[in-house]
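Reader: I am new to this structure and would like a close look at one part of it. Please take the surroundings of the ligand, then a few residues elsewhere.

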Amino acid sequence: MCGIVGYLGKRNALEPVISGLKALEYRGYDSAGVAFFSGSDSQVIKQVGRVDELVKATAQYSKSTRRKPKIAIGHTRWATHGAPTLANAHPHYNSDKSIFVVHNGIIENFAQIRSELQALGYEFITQTDTEVIPHLLDHYVKEGMAFEEAFERTLNDLQGAYAIAAISMQSPDTIYAARLSSPLILGVGKGEYILASDPTAVMEYTKDVVYLDDYEMVVVNRNNYRIKNIKRSKSVKRPAEHLEFDLEQARLGDYPNFMLKEIHEAPQTIRSATLGRIIPSSGTVKLGGLESVVNQLKFIDRIVIVACGTSYYAGLVGEYLIEELAGIPVEVQLASEFKYRSEPFSRSTAVLAISQSGETADTLAALKKVEDYGAMRIGVVNAVGSSIARLTDAGVYCHAGPEQAVASTKAFIAQVTVLTLIALHLSNGSTKLFKPLLKELDELPKKAEAILAQADSIKKLAEKYSSYHDFLYIGRGYAYPCALEGALKLKEISYIHAEGYAAGEMKHGPLAMIDKKFATFAIAPNGNLLDKTYSNIEEIKARGGPVVAIATKGNKNIKKLANDVIYIPEAMEQTQPILVAIVLQLFSYYAAVKMGKNVDRPRNLAKSVTVE
Ligand code: F6R
């Protein structure tokens, strides 16, 4: 995780770097820092805590001097090696403070490099893996290499994952950067360049962006940039791409935080995910991103979905959808497990990766693993141009816009909407649910709005239940993945212990936990399995457990069973997960707010998980 930024240009470099770090704060927020050259001096400013702390410290610096640095690098940290202390905050530097480095990723062989450098007399003042980089650069420079050569040589010594930006007093008008398995882009402005972990960090200054690939290093100076693939020892010509990006989408507006804003974007998210993809005149689904593989798709007899966290739960909904609508067997695997499994794999299996950020290290590794099998790789990704989007052979973008709260909300809505379209596309119109579902998708934004209109009553319930320490989420069929996602949402932002279970599994163990202090969230919208879920609720009530239920509007029976009920509009079973998810998101949100938690930045988490 962590976010990195680098600026070289005409303006006060601290402004774009700080603005970039704010945009990247979702990647880590335990400490932040900048390094810059001003005249013949180098400066490092670091702070423990949020980027706002760094803002205060740099403002102090700017007040104390008339100097406006034209080159700077910055970092916002999510600790991997070493506690979140001032010393461990980036940038890291060599002993005479002439070389500065920011790094996102993990250097796996840092211990070995560190002992080799220590044997040469280098002293280490942090517990980070990153600190080996400035010292190694220093070592090669002292051996007589020019900084660019030393940089390439250092990269060749590093194992693991990195996006690195480095500056050196030896060449104070140049930034050196590189990536391997951690994202890095270069924003190209008029007479200025901004390096960053993702494009949102540069959009205020330029919408022209160069995506760097693995094993590429870039040397940026005042007039140009040069890219080199260090594995093939070849220079690479890559012009900038122009991105369409609405800055307003990334702003908070009148909302108190991004999570609430993003939950409220659900209706628009459904519209954007279906826009231009449902052709009402012909009653068909058109997925431009799959057109290039349409013939290969006919020979697919199995799909393996790989994803993590919330995206994995969206994948479970996708499994139910694709199997029911298209009749293709689907297996959903946690990317972190999949990459280490040795299962038989054939070319007729397609791998479908789901990811909001498009940068999740485990999901990327899962896709890389199947490269040798010749399997088709499809992406359902939100972040345009991200690593997963570029690695896959084909894909369908979610078009949910930037998601900034750490807990995923609108991305889940978009992922399930897109998976519904993919399932319909794969069915080739063979399912009798085809037309009804197209109609339903068209009406869904209005139903989502109806749920959002009940936010106040969901808030009251969430506040009432926020004093419980334990929660079970249960559901059957399409409601089962929703139960898993509901439990994740509650625990990650409120820290209340919550577990998701298939309702039918209660009697196989979890029922033992139930007593009056253990609450259950029963997801029980209308459908074939409703009576069976009723029985589960009865069993919980009989043991004194309080129950909150989600049910379909008009269901009076549930009131006799559950202590509290939240209603969703009537909907087909296949689209219920989208509506249910909005309720679960609001419930978790209001419970966490009541408990005084920082909903956008939950403790110990970061949004883009670019380390294993
Ligand atoms: C939970 C959450 C995470 C992500 C997971 C995968 O709210 O946000 O569980 O879903 O880290 O991230 P992506 O979708 O970016 O691959």
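Reader: Which residue has a polar backbone atom 3.1 Å from an oxygen atom of the ligand?

Author: That residue is Thr 310, through a polar atom of its backbone. The model is predicted, so local features need pLDDT of at least 70 and side-chain atom pairs count only at pLDDT 80 or more, while totals for chains, interfaces and linings use all residues. Residues are numbered from 1 along each chain as its sequence is written, and side-chain values use heavy atoms, with hydrogens and water left out.

Val 406 also has a polar backbone atom by an oxygen atom of the ligand, at 3.3 Å. Lys 489 takes part through its side chain: a polar atom there lies 2.9 Å from a ligand oxygen. On its own the ligand has 410 Å² of accessible area, and the protein covers 90% of it (Shrake-Rupley method, 1.4 Å probe).

The ligand takes up the space of the second largest pocket. A pocket is an open set of points on a 1 Å grid over the protein atoms alone, with protein on both sides within 12 Å along at least five of seven lines; a molecule sits in it if more than half of its atoms lie within 2 Å of its grid points. Two or more residues of the shell come from each of α9 (309-326) and α16 (479-494) (helices are DSSP runs of H or I with at least four residues, strands runs of E with at least two, numbered from the N terminus).

There are 15 residues around the ligand, and Ser 311, Ser 355, Ser 357, Thr 360 and Glu 492 come nearest (a residue is near if one of its heavy atoms lies within 4 Å). By class, the shell has 5 nonpolar, 8 polar and 2 charged residues.

Next, some residues elsewhere. Lys 607 is in the segment after α19 (576-594). Its relative accessibility is 12%, so Lys 607 counts as buried (under 20% relative accessible area, with a 1.4 Å probe and protein chains only). The side chains of Lys 607 and Glu 403 are joined by a polar contact of 2.8 Å (a pair of N or O atoms within 3.5 Å; within protein, one must be able to donate a hydrogen and the other to accept it, and residues adjacent in sequence count only if both atoms are side-chain atoms).

Asn 88, in the loop between β4 (71-77) and β5 (92-93), is buried at 0% relative accessible area. A polar atom of the Asn 88 side chain is 2.9 Å from the backbone oxygen of Ala 83.

Methods: 1 Å grid on protein atoms, 1.4 Å probe; cavity = no way out; pocket = protein on both sides within 12 Å on 5 of 7 lines; lining within 4 Å. Nonpolar A, V, L, I, M, F, W, Y, C, P; charged D, E, K, R; others polar. Buried < 20%, exposed > 50% of the residue type's maximum accessible area, 1.4 Å probe, protein only.
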